[in-house]
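Here is a short briefing on one fold, written for reading beside the model. Keep the sequence and the 3D view open as you go.

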Amino acid sequence: MSGDAQQQQGGALQRHWFTVLAGVLILAIVGVFGYNYMTKEQIPVMKALNDFSLDNINGSTYTFSEGKGKVRLVEFMFTNCPDICPATTYNMSKLQDQLKEKGLFGDKVEFVSITFDPDFDTPEVLKAYAEKFKADQSGWKFLRGDAQAIEKVTKDFGIAVMKQPDGSFAHTARMFVVDEDGNMRRAYGMAAEMDMDQMMKEMVQLAD
């Protein structure tokens with residue numbers, strides 16, 4: 001084989017392998033994006049939530065639709081709760097710190113805590129509760145409202161609440177992650193039933 005022929009054959013082989021390598025890289029990139037897409041799709045839309053407005057402890061009115069564009073973790077609680085609520089809020093504070101490390105808290109992920117005991121949970125009481133758990137209120141809203149407004153919100157989220165003779169509350173022990181479009185995507189347990197790793201993973205997925 002002449003030198004020219006060998007050079008031509010070598011050049012053809014180089015072009016062939018370049019084409020194959022480029023194809024493999026494209027498939028790899030498509031595979032990564034496809035995997036991420038499928039991972040996100042595994043978190044189903046449970047329902048679209050209705051908009052509502054409640055009072056924030058900073059004196060402003062918070063309308064739920066204002067948070068569109070952010071993933072929100074929503075907790076229903078009352079500060080006089082002896083066990084489930086404070087344990088849940090404590091776990092949320094740990095999630096807050098993890099999200100801060102990822103640069104997501106406040107910007108892409110927001111926490112919302114709603115009391116169903118507005119008679120006791122005044123703005124001052126809720127402020128003290130927030131400070132106790134080191135809640136960063138730039139990305140964590142503590143809300144209250146009159147009984148009728150709270151009942152409307154709890155029903156929309158599927159939370160059952162019953163006031164007890166001693167003034168405490170029996171309630172559905174569930175909290176929720178809401179996507180950037182205002183859709184409920186997942187219901188989680190509270191306190192010891194919170195799967196922190198799953199919650200973090202899914203909030204990050206939805207915020208991506």
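In what order do the 8 strands of the open sheet run? The order is E1-E10-E9-E4-E5-E6-E2-E3, and the pairing is mixed. This is a predicted model. The points below start with the sheet, move to the helices, and end with a salt bridge.

**Sheet edges**

- E1 and E3 are the edge strands, and each of them pairs on one side only.
- Strands of a sheet pair through backbone hydrogen bonds, which can be parallel or antiparallel.

- Strand E1 covers residues 47-48, and strand E10 covers residues 183-188.
- E1 and E10 are antiparallel partners, joined over 2 bridges.
- Within this pair, Ala48 stands opposite Asn183 of E10.
- Strand E9 (residues 175-178) also pairs with E10 in the antiparallel sense, over 4 bridges.
- Met175 has Tyr188 in E10 as its bridge partner.
- E9 and E10 make a hairpin with 4 residues between the strands.
- In that hairpin, Gly182 takes a positive phi near 85 degrees.

- Strand E2 (residues 53-56) pairs with strand E3 (residues 61-63) over 3 bridges, in the antiparallel sense.
- Two facing positions can be picked out here: Asp55 stands opposite Thr61 in E3, and Ser53 stands opposite Thr63 in E3.
- E2 and E3 form a hairpin, with 4 residues between them.
- Gly59 sits in the turn of this hairpin and has a positive phi of about 95 degrees.
- E2 also pairs with strand E6 (residues 140-144), again in the antiparallel sense, over 2 bridges.
- Asn56 stands opposite Leu143 in E6.

**Helices across the sheet**

- Helix H3 (residues 123-132) lies across strand E4 (71-77), strand E5 (109-115) and E6.
- H3 runs at about 150 degrees to E6.
- Helix H5 (residues 196-207) lies across E4, E5, E9 and E10.
- H5 runs at about 170 degrees to E10.

**H2 against H5**

- Helix H2 covers residues 84-101.
- The axes of H2 and H5 come within 11 Å and cross at roughly 45 degrees.
- The two helices are therefore oblique to each other.
- The crossing of H2 past H5 is right-handed.
- Which residues of H2 meet H5? They are Asn91, Lys94, Leu95, Gln98 and Leu99.
- From H5, the residues in this contact are Met196, Met199, Met200 and Met203.
- By class, the residues of the H2 contact with H5 divide into 6 nonpolar, 2 polar and 1 charged.

**Salt bridges**

- How many salt bridges does a search of the whole structure find? The count is 6.
- Side chains of opposite charge can pair when their charged atoms come close.

Technical notes:
Residues numbered from 1 in each chain as written. Predicted model: local features only at pLDDT ≥ 70, side-chain atom pairs only at ≥ 80, totals over all residues. Heavy atoms only, no water. Axes fitted to C-alpha atoms, helices over the stretch in contact; angles between N-to-C directions. Parallel < 35°, antiparallel > 145°, perpendicular 65-115°, else oblique. Left-handed = near helix turned anticlockwise from the far one by under 90°. Contact = heavy atoms within 4.5 Å. Nonpolar A, V, L, I, M, F, W, Y, C, P; charged D, E, K, R; others polar. Pairing = 2+ DSSP bridges. Salt bridge = Lys/Arg side-chain N within 4 Å of Asp/Glu carboxyl O.
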